[in-house]
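Please read it alongside the sequence and the model.

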Amino acid sequence: MPLNKVLIEGNLTRNPELKETESVKITKFGIASNEKFKGEERANFFDCVAFGKMAETVKNLLTKGSRVIVEGRLRQNRWENQDGESRSKIEIILDTFHIIRLKSSEDTTSTKEETTDSESEVRHF
């Protein structure tokens, strides 16, 4: 099977949104990751998706501004809009995430934690 793996560190750009279907829970959120390019810093934005127990964990722990490392795979969604134009979007499907810093209302919480889909719990390291 071809390799499809991504690992990105960044800050949440919005609060995670949890949706429930009959069969699974899905949480979507965005992260921004900065890079230097020709001496200037610029931001890259990524949409992330978590399923099942990990979706609940993401929703319960993370907020806009939290710093995380996400690990997962890329998935491209394709569709046609109302005008019949082809559209596509690439998302990161989470396998694991690591909390670098939680954003609190006072912005004083600082921690390192890790969670994986198979464990659906937070581990401190």
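A residue is called buried when its relative accessible area is under 20%, exposed when it is over 50%, and partly exposed in between, with a 1.4 Å probe and protein chains only. By that criterion, buried residues account for 33% of the 125 residues in the chain. The model is predicted, so local features are described where pLDDT is at least 70 and side-chain atom pairs at pLDDT 80 or more, while totals for chains, interfaces and linings use all residues. Residues are numbered from 1 along each chain as its sequence is written, and side-chain values use heavy atoms, with hydrogens and water left out.

## Overall composition

Helices (H or I, at least four residues) and strands (E, at least two) are taken as DSSP runs and numbered from the N terminus. If contact is taken to mean heavy atoms within 4.5 Å, then among contacts between residues at least 6 apart in sequence, 51% join residues at least 24 apart.

## Strand pairing

Two strands are said to pair if DSSP finds at least two bridges between them. Strand β5 (residues 67-80) takes part in two such pairings: with strand β1 (residues 6-12) in the antiparallel sense over six bridges, and with strand β6 (residues 86-101), also antiparallel, through 14 bridges. The hairpin of β5 and β6 has five residues between the strands, and within the hairpin Gly84 adopts a positive phi near 80 degrees.

A further residue of interest is Ser33, which is found in strand β3 (residues 25-37) and is buried, with a relative accessible area of 15%. A polar atom of the Ser33 side chain lies 2.8 Å from the backbone oxygen of Glu9. Beyond its neighbours within four places in sequence, Ser33 is in contact with Ile8, Glu9, Gly10, Arg42, Ala43, Asn44 and Phe46.

## Salt bridges

Side chains of opposite charge can pair when their charged atoms come close. A salt bridge is counted here when a side-chain nitrogen of Lys or Arg lies within 4 Å of a carboxyl oxygen of Asp or Glu, and the structure holds ten of them.

| Pair | Closest N and O atoms |
|---|---|
| Lys5 and Asp95 | 3.4 Å |
| Glu35 and Arg42 | 3.1 Å |
| Glu91 and Arg75 | 3.0 Å |

The pair of Glu91 and Arg75 links strand β6, which holds Glu91, to strand β5, which holds Arg75, over a separation of 16 residues. Within that pair, Glu91 is buried, with a relative accessible area of 4%, whereas Arg75 is partly exposed, with a value of 34%. Salt bridges that share partners also join Lys5, Glu71, Arg73 and Asp95 into one network.

Where do the two members of the bridge between Lys5 and Asp95 lie? The salt bridge between Lys5 and Asp95 links distant parts of the chain, since Lys5 is in the segment before β1 and Asp95 is in strand β6, 90 residues apart. Lys5 is partly exposed at 48% relative accessible area, and Asp95 is partly exposed at 26%. In the remaining pair of the table, Glu35 counts as partly exposed at 31% relative accessibility, and Arg42 counts as partly exposed at 40%.

## The helix and a loop residue

Helix α1 (residues 52-61) has Met54, Ala55, Thr57 and Val58 among its residues, and these four are buried. Seen down the helix axis, the buried residues of α1 fall within an arc of 165 degrees, taken from the directions from the axis to the C-beta atoms, so they line one face of the helix. The face turned away from this buried side carries the exposed residues Lys53 and Asn60.

Lys38 is placed in the loop between β3 and β4 (40-51). Its phi is near 50 degrees, a positive value in a residue other than glycine, and Lys38 is exposed, with a relative accessible area of 76%.

Key: A polar contact is a pair of N or O atoms within 3.5 Å; within protein, one must be able to donate a hydrogen and the other to accept it, and residues adjacent in sequence count only if both atoms are side-chain atoms.
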